[in-house]
Amino acid sequence: MNYTKREKIIAHTIFLTGTFFVLYPFVSILFLALSEPGKRISGFTIPNGIYFDNFIKAWNGGGFDTALFSSFVVVLFVVGITLICSTLAAYAFEKLNVMGTTLLFAILLLGLVLPYESIVISLYYTMRSYDLVNTYWSLILPQIGLSIPFSIFWMRASFRAIPNNLSEAAMIEGAGRWTILIRILLPQTIPALLTLTVLLFMWTWNEFLLALIMIQDNEMRTAPLALSYFAGNKRYGDPAITAAAAVLVALPVLIVYVFLQRRFISGMVTGAIKE
Amino acid sequence: MSNKNIYRPQSKFQYSSYLYIIPAFVFYILFVLFPLGDTLYTSFTEWNGISEKKWVGLQQYIDNLNNKKITSSIVHSFILIIFYSFLPIVIGLIIAGIMIRVKIYGLTFYRAILFLPQILSMIVVGVSWRWIYAPKGPLNVGLDYFGLENVSRAWLGSFDYALPAVGFIGTWVMFGFAMILFIAGVQKIPTELYDAAKVDGAGAISEFFNVTLPNLRGEIIVALIFTVTLALRNFDLIWITTGGGPGTSTMIPSMFIYKKAFQQGQVGSASSLGIILTLLIFTLVSLILISLRERK
Amino acid sequence: MKKIVVLLSSLIFFSTGINAETLRILAEAGDESTLTRAAAQFEAANPGVTIDASYLGWDDFMATIKLKLADNNPPDLAHGNQGFTVDGTLVQNGLIISLEKYADQYGWKDLFADGALAEFMWSDDGSTWGSGSLFGVSPVAEDVIVFYNKSKLDALGLSVPNSFEDFENALAVSKEAGELPIILGGADGWPIIHVWGIIDGAFVDPNHTRGWIFNPKNFEFNTPSRMDAAKKLADMAAAGYFGSDSLGIGYDDANAMFINGDGVFNLTGTWMTAQLDEGMGDNVGAFAMPTSGGSSVAGGGSFALGWHISSKASNPDLAAKFLAHLMSNDFVDDLMEVGRVPAQAPTIAPTSNLQAEVIASSNALVGANAKTFYTDWATPGMYDVVTQELQKLIGGAASAEDFISAMAAESLN
C-alpha cells in the first residue's frame, strides 16, 4: 500500500483528536476529584496540588466500602454461574449433536435483542413474592438469565473453532462426554473464557436499573446505585466529591481494563460479529 | 460401544446430553422468558401492584399510543438514534476508510483509549458529563474563553438543547467502539480488491464506496444493532443526567416505564409500554438485518 | 460487618435477657441534624434501644419512598409526603398504620388548633383526604417565604417590600443594576413549585387554594386570579428575573450560589434556614411574601414531611414512643437549636437573626391563615405534572394558558 507522509499525518491527527475527545471528560473529572477541597471549581482547572480529601469524604459519606463489596459478590456469582451453565450448553449444542438446536437458538436470539427494561417490572414483583427483594439473589439470578444468550453464542463459537481430531481420538479410547469436555476441550477454550469473564464482569458491574428497583436497603447497594444516590443526596453539595465518588466506582473496571484491554476489545468486537 | 461403527465427528446423540443444556435454560426461562410472558399478560390488565389484576384487553395499548407524552418519548428515542448510532457509525466509517491507506504506529494505544467510554457504567458517564455541561463547567468555561459566550448555556436545562446534549454523550460513548469495529473489519479486506480497484482507475472516494463499504457489511450490521438498541433503551444515562426533564423534553419510553410502574402504580400501563418498546426494537433489528443482508 | 456486629450484640442481649431493639428510620436528608439529636436523646433515655437512621436526597426520596415502604422489610418509621402522590398511595395500599391510638395516648391533637392536622388525615381506604384517621404527624412547620441578601438589598436602595407590586419593583431595580433578581434551582423542577406557591398566594384566596388541593375535582383551578398568577410568573421569567440558566441549575447548587453571593432573592422554604444561616450569617434576612395590594401575606406552608409508622413495623409502640419524643415539649427547643421552625411555641429565643425573621414570617402566615400547602399534593400524578408544566412555563415553552389547562386536566384525575 502506498502511504504518503501527508496521509500519515492526517491519520495521526484524526487519532489524536479522537483521543483528546475521549480523554477530556476523564481528565476533567479526575482533576475535579483531585482538587483542593472546598474550593469552588469552575471549568477545566488544573489542580494546584493533589488532594485526596474528596476521595475520603466520598468513601465515608457514600458507603462505598459496602457498595464495592456488594458489587463484587454479585459479579462473582453471575460470572461464575453463567460461565459454567453456558459452557455446558454450548458444548452440547456444538459437539453433542443435540436435536432441535435451531429452535433453541431462535429462542436464545430473542434474549439477545430483548430490552430488559421491559421485563424488570415482572421480575420485581416475582422477586417480591418470593421475599427475595433486597437480597443479592434478586440481582444475581436475573443477570445470569440475561447473560446466558450471549455467553452461549460466544462459547459455541469458541467450541466450533476447535478441530475435532483430539476429541475423536479420545472418543475412540472410550472417553465419555464429560471427560472430553473437561480434559480436552476446556483447556483450549481458556482464552475465550477469559474474554467472556471480562465482558460479563464489566456488564454486571455497571448494571444499574435492576439494582435501583430491587435494592432498597442501603447496605446492599451496588456501586453504580450508591453513586447515583450519592450524587442525588447533594447535601454533599460539592461536585468535586461526587467526581471522586464516580472515580471510585469506575476504578475496578478501569483496573481490569488496563491489564486486559486486549481481551476487552477483541471480545466485544469479534464476539459481536460472531453473533 | 462398538468398534464396528464408523465414528462420526460428533458424539452419538443421547437424550442425557440435554442435561448439559438444562441449567442454562432454567435460568433463561425463569428469568427472561417467564417475565416476558408475565409482562405480556400484565399489559392487558390494569394493576396497581397490590390488589387484583383487572383484565382490560388492549386498552392500555390504546391509551399509551394516544398519549402525546408517550409518543413524543418514542420520537425522542429516535432522535437519540441519530446521535448514538448514525453519527458514530459515519465517523467510524470515514476514519476506517482513511485507515486503509495508512499504517499507524501505536494503534494498540489508540485503540485502548478510544474504547474507554464503553467500559464505564452509564452512571459514571452521566455524572461526569453533568459536570461538563454545568453552567460553570468545562464546556461553558471553554466556550467563554474562546469568545463564544452567547453559545454557552445551561445545556441540560434547556428545552431545546437538553436532548441533543444527552445525545452527544451517546456519541462520545459509541464512536470509539464503531471506529475500532470498522478498523478491525477493514484490516480483513484483502488488499487485492483495492489493487484491482486502482487498476480500474478508482479514486479514494470510489474505493470507499465500492470496496470498503460493501466488505464492512457485517460490521455495520453489528454496529447498527448494538447502537440502535442502546439508543432505544438508555435508562441509566437519562436518569442520572436529566431525569427526563426539563419538562418532558428528554423523556424516553424506559423512563416512563419506571415512573408508571414504581411511582404512579400503573403497572398494567407500564407493562404495555414495555411490550411496545420490545416490539419496536425487534422491528428495527429485523429491518436492519433484512435491508442490509447480502443480496447474492 | 456492621450487620454481624448488630447480630452478635443482639444475640448477647437476648441471652442476658435485656431487650435490645433497633428502630429503623428512613428520612429525607433535610432532617439529618434533627434526627441525630433526637436519636441520641432517645437512646440515652431508653437503654437497649438503637436507632438506625438513613437518609435520602429529596429527588431519590420522592422516586423511591413508595417502593421502600412496599418492601417486605421496610423501615419502621419513615417520612412521607402529604397528599395523594405519596401519603394517599401509602394509605390506599395499607403500607402505613393509623396513628389515632397513639395520638390519643400522647395527646398530639391537643397540641394544635382544631383541624390543623387535617393534612395528615385520611379515610381508611385512602380515598378521602382531610378527614378520617390520623396517619402522620410532624413537630416541624415548614413555610415557603422569601429569603434575601441584605447587603445587596441595601446597596440597591431597597427595603423589605410591603406589597407584591413592591416586590416586583425590587426585581426590576435589581435587574437594572445587573444583579440576578431571583436565584432558582429549576433543573430539579420541584423548587419552582415553591415559587409558584408564593405567587399564587399573592393573587389567589388561600381558602380557595387549600380547597382545591384537598378536592381538586370539585374546585375550579382555572379562575381569573389564578390566571393572573400564572401570567405573572410567565412575565417574570420572560423579563429574565430568574436568569437565563435557571433550568440548568440544581436546587442545591442554586442555594450554594445564593450563599456565595449570587442573587438578591431566594424563594424557598424554611427548611433552608440552618444552611443559609451558616453560610450567610447576618447577611441574610427573610419575610413572608406580601399579597398583591399588600393587605396580607401568603405562601406555601404546612407541617413538614409527616412521620409514618410502617404496617410491617415489628414494634410500632416503640416507633410511636420515638415520635412522642419528637413531638414533645422538651424537644421543641432542640428544634430551634438545629434551625427548624417548631410547630409549637418554643421557650428559648431564636438563635440567630435569621431564625427570628423566619419565625416572624411563619407567625405572620399563621396569623393570616395563609398557608397554602403545596400544589403537588392534589392528585397522585400531580407532582410530575406540575414540575413539568412549571419548567415549561419558566422556560418559555408553554404559555400561562397552557399551564392552567394542563393543571386543570390533571385535577380531574
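In what order do the elements of chain A run from the N terminus on? They run α-α-α-α-α-α-α-α-α-α-α-α, and chain A accordingly has twelve helices and zero strands, where helices (H or I, at least four residues) and strands (E, at least two) are DSSP runs numbered from the N terminus.

This is a predicted model, in which local features need pLDDT of at least 70 and side-chain atom pairs count only at pLDDT 80 or more, while totals for chains, interfaces and linings use all residues. Residues are numbered from 1 along each chain as its sequence is written, and chains are lettered from A and ligands numbered from 1 in the order in which they are written.

**Chain A and its partner**

Buried residues (20 or more other C-beta atoms within 10 Å of their own; exposed means 12 or fewer, partly exposed in between, with C-beta atoms placed from the backbone) make up 51% of the 275 residues in chain A. Of the contacts in chain A with a separation of 6 or more, 74% join residues 24 or more positions apart, a contact being two residues whose C-beta atoms, placed from the backbone, lie within 7 Å.

Between the chains, 82 residues of chain A are in contact with 85 residues of chain B. On the chain B side, helix H1 (residues 18–42) gives the most, with 15 residues, and this side divides into 58 nonpolar, 19 polar and eight charged residues. Here Ala, Val, Leu, Ile, Met, Phe, Trp, Tyr, Cys and Pro count as nonpolar, Asp, Glu, Lys and Arg as charged, and the others, Gly among them, as polar.

**A helix pair in chain B**

The axes of helix H2 (residues 59–66) and helix H13 (residues 267–292) of chain B come within 9 Å and cross at roughly 75°. H2(B) and H13(B) are therefore roughly perpendicular to each other, the class for angles of 65 to 115 degrees. Among the residues making this contact are B:Tyr61 of H2(B) and B:Leu273 of H13(B), and the residues of the contact divide into three nonpolar, five polar and one charged.

**Two single residues**

B:Ser85 is found in helix H3 (residues 68–99) of chain B, whereas C:Gly396 is in the loop between helix H16 (382–395) and helix H17 (400–411) of chain C. B:Ser85 is buried, with 26 other C-beta atoms within 10 Å, and C:Gly396 counts as exposed, with 12 C-beta neighbours inside 10 Å. Leaving aside neighbours within four places in sequence, B:Ser85 is in contact with B:Leu224, B:Thr227, B:Val228 and B:Ala231, and C:Gly396 with C:Ala237 and C:Ala238.

| Pair | Apart in sequence | Apart in space, C-alpha to C-alpha |
|---|---|---|
| B:Ser85 and B:Leu181 | 96 residues | 13 Å |
| C:Gly396 and C:Ala118 | 278 residues | 36 Å |

Methods:
Axes fitted to C-alpha atoms, helices over the stretch in contact; angles between N-to-C directions. Parallel < 35°, antiparallel > 145°, perpendicular 65-115°, else oblique.
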